[in-house]
Amino acid sequence: MAAESETVAEARRQMEICNACRYCEGYCAVFPAMTMRRSFTEGDLTHLANLCHGCKGCYHACQYAPPHAFGINIPATFAELRQESYAKNAWPAPMGRLFERSGTVVSLLAALGVALALILVVALQDPAVLWSAQRGVGAFFRVIPHWLMITLGVVTFGYAILAMAMGARNYCRSTGSPQGGFDPGPATEAAVDIVTMRNLGGGGHGCNDLDEGFSTRRRWLHQALFGGFMLCFAATCTGTLYHYILGWKSPHAFLSLPVQLGFWGGVLMMIGAAGLAHVKVITDPGPVAKKLAGGEFAILALLFLIAATGLLLLAVRHTGAMGAMLAIHLGLVFAFFLVMPYSKMVHGLYRGIALLRHAREKRTAPAPAAAA
Amino acid sequence: MADLTQTFDVLIAGGGNAALCAAITARRAGATVVLAEHAPKSMRGGNSRHTRNVRALHHGPTGVLTDSYLEEEYWDDLRRVTAGKTDEPLARMCIRASEQAPKFLESCGVVFQPSLSGTLSLSRTNAFFLGGGKALVNALYRTAEALGIVILYDTEVQHIEVKDGFATEAIVSHRGFPATIKFKAFVASAGGFQANREWLRKYWGDAADNFQIRGTPYAQGRILKDLLAQGVQEVGDPTQFHAVANDARAPMEDGGLAMRLDCVPFSIVVNRDVERFYDEGEDVWPKRYAIWGRLIAQQPGQVAFAINDSKAQMNYLPPVFAPYKADSIAELAGMIGLDAAKLEKVVADYNAAVQPGTFKAQSLDDCRTEGLAPPKSHWARRIDTPPYYCHPLRPGITFTFLSVKVNEQARVMMADGKPSANMFASGEIMSGNILGQGYLAGFGMAIGTVFGRIAGEQAAKLVRN
């Protein structure tokens, strides 16, 4: 067993103060989960850190926040602990080190993805497709051959799914989170928590997105980004179904289902990613883990660019710019899949596991130790 | 930068709940208001930063308050904790007005929550602030700012010029620079003097050095002393305060709520001379927590030791500081510097006196001692299952009760019995009008909110005329 990190020790020190105070019990799931415990193993702390949505309500309400000597700063400490847990559970293990330079890794891989896509097009196809207009059925595949597009997509996305599944398995083992077994009650509750982001609600009126005033801005922006991402995913799935089941080949009309899903998904993703980045810039830096900022901005930028290039592709698809735009868009998408298991994107996975564990614990744990 | 050359309608000295309630009420009534908070912005809010709830009268379930809590019961609770040392008309007026306190605070952006764990089972009588007192303070300041109240941080009101019961101007230290503030009415909401150790020493001698100040270090009592020196009528016993059993290892100032220990009913408590001194199981902790600070303050060295065993560990909230832990009583005594033989005898005598009973942690059970002095009336179980634990205790002072006298309009009374022409007071600085001794959880915030509102209303009314 490796020695505990300073972050783990610091998180434990803070949780032991919080567990004696409990003023924040009305805010989010972290505090009820905390009161189910009297001592905190590294696995417990990792679970609590991943349960934390970083809403900062507890920081602004804290009588022990800096400059108080106790220096309680749960949002920043838990953010760092989450990042450590992503790195520790990454698969294959050596790749976990990428989290230390997540911003650089994401940016480099995105640039490489674009470059590689452009080079492949030039190498495999007639370079002229990069500037000559392509129209009609199969236009996209004259830029990048269908077999290549599918291969790259399946390989990169498949790798992301495999690496994240292995990471999830490592996480559940190392934190003692539930493995296997399905119970519809907790699963439904966790799913509702994920979709509604109840824990970014601060108990109803919102969280401290920017300062000590309450707002639901981050919740809405995250919903836009998440919803937009899922719509784009649905667009890809629909397009695949059209191609293989119905035999309808792309490009599809603007009002067709795949294009509509992709269009609105892209718009929402751009709003969400740009809005979240803006919040990060103007928010009170007190409860923010500064060393994670690079990776967070990089992944938001990548998501924004994927959406933006997707929409641009739609706009220019009948012009000579389509070839280059398609290569750039796909380069970014494939880079995104590869980098996904080693970026902030895994937060959704571990958050989901933490919410599921919490929903289960609530049903089994004894009532919290109460004062007389 | 605020323009301090103008004459404000109302100057509020202080920056906690009582000050903000006065400021917001006066401003809403149309007055120009300046609020001088001694602390920097990050430490603003006085003791309100450490509070959690307000005790409020209610006729039926309202929002977060369950059942009902009526005047007679509230008054009876207060009469009992103060042993009748209170001003009944003023207390009853405060109790009746407390009904409006949660609604008023909600109008200022304060959010309430249902009480959950670790809250002394107060959901019927007390409305809990979501996130606690600092969240309340944040909401009040935001409201004050939005209303255009001039808020001065790092600004200590040092002296009020008083002539014949009429306050003319204030001498302040504003961000380290001397300044004067002119006003038409003055509201004193600057807290008690609990953080002024020198002043405490006047009544407690060296013992005061061992008092932990639970809340803000800015409660120096400067305005209280200044007003009392200028013919304002004094009320309250200067040795009386609200104090609880704190962990002896807590910071000497500003350790806040989490330093309190609620292990007493599930322990025996001895002093430095290894003698028990009070019935640890006299009543449920919410009704006794407020007497233990004073009990410990009266012990030699102002220190006490709560001793229990592994059976008791789950009966109280986890403490911030880990208890001392040993496999024998003698070893435990050695760790905390007590006479081992004496402690073994105290525990043995206690164990021998424990009667059989059914232990119930959450209610008055029948586990008691027989033939022991002082007795332990409830939750008495043998201390016989190692490991053994000790929590060292010191008095944690919340606030002092020595006050300026006020009337029902929150108007400061002069020593000659006449009300001041333009001085008002709210909060801890006048709490001794109602609290002669003892304390009732959440009552400080009720006094602050009720008298803050009255002071603000009356001050605004005065300057409008």
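**Notes on a two-chain model**

1. Let's begin with one residue pair: R55(B) sits opposite N126(B), which belongs to β5(B). Keep in mind as you look that this is a predicted model. The two strands involved here are β3(B) and β5(B), the latter covering residues 126–129, and they pair in the antiparallel sense over three bridges. If strand pairing is new to you, strands of a sheet pair through backbone hydrogen bonds, either parallel or antiparallel.

2. Now zoom out to the sheet around that pair. Three strands of chain B make an open sheet in the order β3-β5-β4, with antiparallel pairing. Why is one side of β3 and of β4 in chain B left without a neighbour in the sheet? β3 (53–55) and β4 (112–113) stand at the edges and have a single partner strand each, so one side of each has no neighbour there.

3. Next, follow β9(B), residues 177–188, and its partners. With strand β8 (residues 166–174) of chain B, the β9(B) strand runs antiparallel, and six bridges join the two. One bridge pair to look for is I171(B) with T180(B), the latter in β9(B). β8(B) and β9(B) also form a hairpin with two residues between them, and in that turn R175(B) has a positive phi of about 50°.

4. β9(B) has parallel pairings as well. Strand β1 (residues 7–13) of chain B pairs with β9(B) in the parallel sense over six bridges, and here L11(B) has F186(B) as its bridge partner. Strand β19 (residues 419–425) of chain B is also parallel to β9(B), over three bridges. In that pairing A188(B) stands opposite A425(B). While you click along these strands, remember that in a regular strand the side chains alternate between the two faces of the sheet.

5. How is chain B divided into domains? Domain 1 is made of 7–194 + 212–232 + 402–464, and domain 2 is 243–396. Their C-alpha centres lie 35 Å apart. The contact takes 15 residues from domain 1 of chain B and 16 residues from domain 2 of chain B. On the domain 1 side, the touching residues split into six nonpolar, seven polar and two charged.

6. Over to chain A and a pair of helices. Two packed helices are described by the angle between their axes and the distance between the axes. For α1 (residues 6–21) and α5 (residues 74–89) of chain A, the angle is about 145° and the axes are 10 Å apart. α1(A) passes α5(A) in a left-handed crossing. T7(A), V8(A), E10(A), A11(A) and Q14(A) come from α1(A), and they meet I74(A), T77(A), F78(A), E80(A), L81(A) and E84(A) from α5(A). Sorted by type, the residues of this contact are five nonpolar, three polar and three charged.

7. Which parts of chain A does UniProt list as "transmembrane region"? Its unreviewed entry gives residues 105–124, 144–165, 224–245, 257–277, 297–316 and 322–342 of chain A. Take two of these in the model: residues 224–245 of chain A are 100% helix, with the end C-alpha atoms 30 Å apart. Residues 297–316 of chain A are also 100% helix, and there the end C-alpha atoms lie 28 Å apart.

8. Last, the place where the chains meet. Here 31 residues of chain A are in contact with 36 residues of chain B. On the chain A side, the elements giving two or more residues are α1 and α4 (57–60). α1(A) supplies the largest share, five residues.

Note on methods. Residues numbered from 1 in each chain as written. Chains lettered and ligands numbered in written order. Predicted model: local features only at pLDDT ≥ 70, side-chain atom pairs only at ≥ 80, totals over all residues. Axes fitted to C-alpha atoms, helices over the stretch in contact; angles between N-to-C directions. Helix = DSSP H or I, 4+ residues; strand = E, 2+ residues; numbered from the N terminus. Left-handed = near helix turned anticlockwise from the far one by under 90°. Contact = placed C-beta atoms within 7 Å. Nonpolar A, V, L, I, M, F, W, Y, C, P; charged D, E, K, R; others polar. Domains from an automatic or database assignment. Pairing = 2+ DSSP bridges. UniProt positions renumbered as here; feature names shortened; annotations may be inferred.
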